[in-house]
Amino acid sequence: MGKIIKDTIHANGIDIGIYTQDFENEFISLTDIARYKSDDPTAVIQNWMRNRDVIEFLGLWERLHNPDFKPLEFEGFRKQAGANAFTMSPKKWIEATDAVGIVSKAGRYGGTYAHSDIAMSFATWISPEFQLYIMKDYRRLKTDENSRLSLNWNLNREISKLNYRIHTDAIKEKLIPPELTPAQVAYTYANEADLLNVVLFGKTARQWKNENPTVKGNMRDVATLNQLLVLANLESYNAVLISQGKNQKERMELLRQLAVQQLQTLEMISLNTLPKLEDGINKMQEK
């Protein structure tokens, strides 16, 4: 079994959990989707599964994707579905038919999850408008994922690492006097790295980690292709500015200008996509 990768879809104010083992089959939280309609998501899911059309859809999905699906048990449910006395739950469905399209998970991130095909159908039943919000951010997630897995993303990540060496050498030569303690040296390096983080991402490494405690790696590991390219250039430029003796505030202003210019060229984006310079200065002062 592959390693489980977790992520989150943000849809109209609702956070919806998602996980995958192969980056091809995502399982989306029906429990989170159901919270858009009610504070009792379990009841919402069970009401959805009472419908004959839903049972037929789930059965067809399993037949197409699951060789171990039990058709006889499914037929029994299909004949009963829609009747007033008919009840259905994810656990009952899974145990009776050996279904794999719906999964019940226990623990901290527990709840009912379903393959994205099924989850989108459920979301449409909840609200067609809400399903569009989910689909919009789901597509964003897939685009970012494809960028991170691409050769270009990995190449730019390596370029950024090489320029990081240029950056740290400039810091060592110009900003670290011999009398500093090891702790002070480490802080100086981290402070300069966070200068770039704030200019480009709008937050320090610690602030990002506090907001994303379950995400493996750091903000640079989940950066877009264009962000990595600009970051590499910022590292080189900051090394030049350090060598010129400019103070941190001056460097932040010049780095901001470079980031805006390059991201506009790469993405044709609005300046509002980047954090305000005043906010960046405040975040550096909060450290």
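Q: In strand 5, what is the bridge partner of Phe27?
A: The partner of Phe27 in strand 5 is His115. Strands here are DSSP E runs of at least two residues, and helices are H or I runs of at least four, numbered from the N terminus. The model is predicted: local features need pLDDT of at least 70, side-chain atom pairs count only at pLDDT 80 or more, and totals for chains, interfaces and linings use all residues. Residues are numbered from 1 along each chain as its sequence is written, and side-chain values use heavy atoms, with hydrogens and water left out.

Q: What makes strand 3 and strand 5 a pair?
A: Two strands pair if DSSP finds at least two bridges between them. Three bridges join strand 3 (residues 26–29) to strand 5 (residues 111–115), so the two count as paired. They run antiparallel.

Q: What joins strand 2 to strand 3?
A: Three bridges do, and these strands also run antiparallel. Ile18 has Ile28 as its bridge partner in strand 3.

Q: What is the strand order of the open sheet?
A: Five strands form the sheet in the order 1-2-3-5-4, with antiparallel pairing. Strand 1 and strand 4 are the edge strands, as each pairs on one side only. From one strand to the next, the twist averages 30°.

Q: Which strands does helix 6 touch as it packs on the sheet?
A: Helix 6 (residues 116–126) touches strand 3, strand 4 and strand 5. Its direction makes about 110° with that of strand 5. Touching means contact, with heavy atoms within 4.5 Å.

Q: How do you know that both faces of strand 3 are covered?
A: Glu26 and Ile28 on one side are buried, and so are Phe27 and Ser29 on the other. In a regular strand the side chains alternate between the two faces of the sheet.

Q: Why is Thr31 called buried?
A: Buried means under 20% relative accessible area, exposed means over 50%, and partly exposed lies in between (1.4 Å probe, protein chains only). Thr31 has 11%, so it is buried. Thr31 sits in helix 1 (residues 30–34). Leaving aside neighbours within four places in sequence, Thr31 contacts Pro41, Ile45, Gly111 and Thr112.

Q: Why does Asn12 count as partly exposed?
A: Its relative accessible area is 41%, which falls in the partly exposed range. Asn12 lies in the loop between strand 1 (5–11) and strand 2 (14–20). Asn12 has a positive phi of about 50°, although it is not a glycine.

Q: Why does Asp98 count as partly exposed?
A: Asp98 has 34% relative accessibility, so it belongs in the partly exposed class. Its place is the loop between helix 5 (90–97) and strand 4 (102–105). Phi of Asp98 is near 60°, a positive value in a residue other than glycine.

Q: Why is helix 9 called oblique to helix 11?
A: The axes of helix 9 (residues 182–201) and helix 11 (residues 225–243) come within 10 Å and cross at roughly 130°. Under 35 degrees is roughly parallel, over 145 roughly antiparallel, 65 to 115 roughly perpendicular, and the rest oblique. The crossing falls in the rest, so helix 9 is oblique to helix 11. Axes are lines fitted to C-alpha atoms, for helices over the stretch in contact, and angles run from 0 to 180 degrees between N-to-C directions.
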